[in-house]
Amino acid sequence: MPDITRRHALGAAAALAATVGAPLTAAAADDHDSHQDHGGHDSHQGLQPFDEVYRGRRIQGHATEGGGHHHGAGYAVFVDGAELHVMRNADGSWISVVSHYSPVPTPRAAARAAVDELQGARLVPFN
């Protein structure tokens with residue numbers, strides 16, 4: 001096996017980062033643009049409510065009044081009836097307390113990512 005140089009390693013890492021990050025960045029940008037109101041201001045009202053069974057778990061999300069304790073102020077997400085702490089990032093992507101380091105484009109995607117990460121474990125409410 002040939003010796004890999006630092007330049008080759010950095011080039012490969014940069015190519016991988018660009019390949020993996022581009023679809024997520026584009027999806028987040030598309031989602032963010034689709035939730036703009038006519039005045040150009042970001043609105044949680046544009047986020048669609050959802051209620052579905054994903055991998056055997058019931059996930060729900062809907063707009064709420066007031067901010068509560070979560071940074072996704074104006075939107076609440078639940079897994080099997082337990083609230084999933086979600087937060088909207090400045091770039092329009094979403095993260096949850098379960099998958100904090102993996103931003104996704106929507107609260108529904110955050111709920112699905114949490115179910116994947118929980119691997120069947122029960123979500124303990126975040127208080």
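Strands β1 and β2 pair in the antiparallel sense over five bridges, where two strands count as paired if DSSP finds at least two bridges between them. Helices (H or I, at least four residues) and strands (E, at least two) are DSSP runs, numbered from the N terminus. The structure is a predicted model, in which local features need pLDDT of at least 70 and side-chain atom pairs count only at pLDDT 80 or more, while totals for chains, interfaces and linings use all residues. Residues are numbered from 1 along each chain as its sequence is written, and side-chain values use heavy atoms, with hydrogens and water left out.

The chain contains two helices and six strands, arranged from the N terminus as α-β-β-β-β-β-β-α. Of its 127 residues, 33% count as buried, the term meaning under 20% relative accessible area, with exposed meaning over 50% and partly exposed in between (1.4 Å probe, protein chains only). The accessible surface of the chain comes to about 8,100 Å², and 57% of this belongs to carbon and sulfur atoms; the areas come from the Shrake-Rupley method with a 1.4 Å probe, and for residues only the protein chains shown count as cover. Among contacts (heavy atoms within 4.5 Å) between residues at least 6 apart in sequence, 40% join residues at least 24 apart.

Four strands form an open sheet with the order β1-β2-β3-β4 and antiparallel pairing. Strands β1 and β4 are the edges, each pairing on one side only. From one strand to the next, the twist averages 25°.

Helix α2 spans residues 107–118. Its twelve residues reach 16 Å from the first C-alpha to the last, close to the 16 Å expected at 1.5 Å a residue, the expected span being 1.5 Å times one less than the number of residues. The helix lies across β1, β2, β3 and β4 and runs at about 25° to β1; axes are lines fitted to C-alpha atoms, for helices over the stretch in contact, and angles run from 0 to 180 degrees between N-to-C directions. The buried residues of α2 are Pro-107, Ala-110, Ala-111, Ala-113, Ala-114, Val-115 and Leu-118. These buried residues pack against β1, β2, β3 (75–79), β4 (82–84), β5 (86–88) and β6 (94–96). After α2 comes Gln-119, with a positive phi near 50°.

Glu-52 is placed in strand β1 (residues 50–54) and counts as buried because its relative accessibility is 16%. Its side chain makes polar contacts with the side chains of Arg-108 at 2.4 Å and Arg-112 at 2.8 Å. A polar contact is a pair of N or O atoms within 3.5 Å; within protein, one must be able to donate a hydrogen and the other to accept it, and residues adjacent in sequence count only if both atoms are side-chain atoms. Leaving aside neighbours within four places in sequence, Glu-52 is in contact with Arg-57, Arg-58, Ile-59, Arg-108 and Arg-112.

His-62 is placed in strand β2 (residues 57–63) and is partly exposed, with a relative accessible area of 34%. Its C-alpha atom is separated by 6.7 Å from that of Phe-50, twelve residues away along the chain. Not counting residues up to four places away in sequence, His-62 touches Pro-49, Gly-74, Tyr-75, Ala-76 and Phe-78.
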